[in-house]
Amino acid sequence: MARKSTTQRVVVSTIGAWFFGFLIFFPILWMVLASFKTELEAFAIPPSFLFFHWTTENYATVQERSDYLLHAMNSIIIAGGSTLIALLIAIPAAWSMAFSPTKRTKDILLWMLSTKMMPPVGVLVPIYLIYKSFGLLDSRIGLVFILCLGNLPIVIWMLFTYFKEIPRDILEAARMDGATIGRELVYVLTPMAIPGLASTMLLNLILAWNEAFWTLNLSTSNAAPLTVFIASYSSPEGLFWAKLSAASTLAIAPIIILGWFSQKQLVRGLTFGAVK
Amino acid sequence: MGQITLQDVQKSFGPVHIIKGADLEIADGSFVVFVGPSGCGKTTLLRLIAGLEDVSGGKILIDGKNVVDTPPAKRGLSMVFQSYALYPHMSVRGNIGFGLKMAGLSKDETNRKVEAAAATLNLTPYLDRKPRELSGGQRQRVAIGRAIVREPKAFLFDEPLSNLDAALRVQMRIEVTRLQKQLGTTAVYVTHDQVEAMTMADKIVVLNGGKIEQYGSPLELYERPANLFVAGFIGSPKMNLVTGEPAKQQGATTIGVRPEHLKIERDGGGGWQGTIAVAEHLGSDTFLYVDAGPLGMLTARYIGELSLHAGDHVSLAPDPARIHRFDASGNALRN
């Protein structure tokens, strides 16, 4: 029997959904509001919600004191580069595990995922030293490399679950039609997996954009992405909430806009395989 | 040319022996159907011929050349899958032409051939549609189009009609048979439906448990089944198998009589006595399921309408010339 959807139920669940949505979104909203306050008002108790003296001076100060565009460019290069390389490695890997699995395939997948369970700080010292001797500290290449490796297990897992859903028959049909493995990948598998590839790419972009541990530890200025830019507004000079909020708003704006336009893909990507 | 020969072909998946040594000679231009219950290895055997699975032993010859180490694409065969397996992101034109594109044909040449194939299959109005915009029957036709356009040495069909509804299946059955005759290309067709096998095949291969039970023309299998399995599998409704005293009288362990070879008499006939449990009146035929006591349930078929009903007593007399005799190991005894 289908569940009854009375008007009352719809109203209650709509209000509930908006309430929780607002609750989750509130910190971001508060941050954006704070970025338009003066430092004094940002601290004020009781806080004012909308009726304060709106100002953009924090943004001006932030832009004056540090080079937003440089950091944003670094973020784009690091997130984009690591995603691209991860996809180039993950597509053939996931393909082989999905379509010609061996006895060990399941173990390999689990092992890859298990690397994500280790706290990164556990390998910070050796990696720092390796980066130091190879001259990779504070370099974009170094960050692209480490973020790519860090996210690779998730990318492979996601693509694996996507590829698994593609009927084997279709690939066999391509093989009967005379396609080599390379052409099968290019003409049949990849076009069919585009929705999956797109959401994997988006998720990886977001993860890499937001990654703070490695970027904070392995870069200082030249290669520093937006995470470092935010961090530079915290602690040593005391707490400047308004300026910190302005920096944070600038840092997350691009990825929020990207996420907003691609939310359909993202939701599909994250729930893929849950329902058939 | 498209002559396919199997010599002691074997296939195991790990410790499981799926195909236990198959020998078969498929003549050029013939329509051969593999039939058998599910799990008998018929699809595996087809996939071995296609090259989608590697053999564990034996040889597969296509036109005299051993192809066991040749990849599927180089065997010159084309296959129609049960699930159609169309490329969902390509139009009908793209689907049919994909093999030609892979073979490196020019665009004009590909288009010409695709259009000719589409015309044969009444697909011309749909050439620019995507597979999801087509009905089941049309998709199946596209899959067939993809197979014929490459002018292969042989077609391999893996239960291609099992996803269609009954009426469409009969229609496609006729179309596929006609198309095969028209093109004169060898066809190997897998089905579990023995009616499909009987109606389409020049020759039928009956498989059971990874072994070829019998290979012959449909009527040969119907009239002279080699063993109990074939006797029970070919023919609808199934052959009546009787053991005990009536079999002993014929010098056999088991005797088989087809439902249509039982003469139905009302009370007092000289045949096997029984009571009708169920009577099915189809107009063209009457099927009687008769409880014949120690002989078990017997099925009798009468051509036309027969006004007998459940509970009536009947006597069933087997046509002496049409009794099949089997020995203790189930093999047919020939006179």
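This is a predicted model: local features need pLDDT of at least 70, side-chain atom pairs count only at pLDDT 80 or more; totals for chains, interfaces and linings use all residues.
Two strands count as paired if DSSP finds at least two bridges between them. One place to look is B:Thr5, which stands opposite B:Leu61 in E4(B).

Three strands make it up, in the order E11-E12-E18, with antiparallel pairing. Which strands form the edges? They are E11, covering residues 240-243, and E18, covering residues 324-326, each of which pairs on one side only. From one strand to the next, the twist averages 25°. Strand E12, residues 254-257, is joined to E18(B) by three bridges, and the two run antiparallel. To find this pairing on screen, pick B:Gly256, whose bridge partner in E18(B) is B:His324.

Stepping back, chain B as a whole has nine helices and 18 strands. Its C-alpha atoms fill a box of roughly 75 × 45 × 35 Å, taken along the principal axes. Of its 335 residues, 41% are buried. Among contacts in chain B between residues at least 6 apart in sequence, 63% join residues at least 24 apart.

Chain A has another make-up: 14 helices and zero strands. The C-alpha trace of chain A spans about 70 × 65 × 30 Å along its principal axes, and buried residues make up 33% of its 276 residues. For contacts in chain A between residues at least 6 apart in sequence, the share joining residues at least 24 apart is 79%.

A:Tyr59 sits in helix H3 of chain A, which covers residues 57-65. Although A:Tyr59 and A:Thr249 are 190 residues apart in sequence, their C-alpha atoms are 9.5 Å apart in space. Is A:Tyr59 buried, exposed or partly exposed? It has 18 other C-beta atoms within 10 Å, so A:Tyr59 is partly exposed; a buried residue would need 20 or more.

Next along chain A, look at helix H6, residues 124-133. This helix is hardly covered, with one buried residue among its ten. Just after H6(A) comes A:Gly135, which takes a positive phi of about 65°.

How do helices pack against each other in chain A? Take helix H7, residues 140-164, and helix H10, residues 194-210: their axes come within 10 Å and cross at roughly 155°. Because of that angle, H7(A) is roughly antiparallel to H10(A). H7(A) passes H10(A) in a right-handed crossing. On the H7(A) side, the contact is made by A:Leu147, A:Asn151, A:Val155, A:Met158, A:Leu159 and A:Tyr162. H10(A) contributes A:Gly196, A:Thr200, A:Asn204, A:Leu207 and A:Ala208. An α-helix has 3.6 residues a turn, so residues three or four places apart point the same way. By class, the contact of H7(A) with H10(A) has seven nonpolar, four polar and no charged residues.

Finally, let us bring the two chains together. Where they meet, 14 residues of chain A are in contact with 16 residues of chain B. On the chain A side, the elements giving two or more residues are helix H8, residues 168-176, and helix H9, residues 181-192. Which of the elements gives the most to this side of chain A? That is H8(A), with six residues. By class, the side of chain A that touches chain B has eight nonpolar, one polar and five charged residues.

Notes. Residues are numbered from 1 along each chain as its sequence is written. Chains are lettered from A and ligands numbered from 1 in the order in which they are written. Helices (H or I, at least four residues) and strands (E, at least two) are DSSP runs, numbered from the N terminus. Axes are lines fitted to C-alpha atoms, for helices over the stretch in contact, and angles run from 0 to 180 degrees between N-to-C directions. Two residues are in contact if their C-beta atoms, placed from the backbone, lie within 7 Å. Ala, Val, Leu, Ile, Met, Phe, Trp, Tyr, Cys and Pro count as nonpolar, Asp, Glu, Lys and Arg as charged, and the others, Gly among them, as polar. Angles under 35 degrees count as roughly parallel, over 145 as roughly antiparallel, 65 to 115 as roughly perpendicular and the rest as oblique. A crossing is left-handed if the near helix is turned anticlockwise from the far one by less than a right angle, and right-handed if clockwise. A residue is buried if 20 or more other C-beta atoms lie within 10 Å of its own, exposed if 12 or fewer, and partly exposed in between; C-beta atoms are placed from the backbone.
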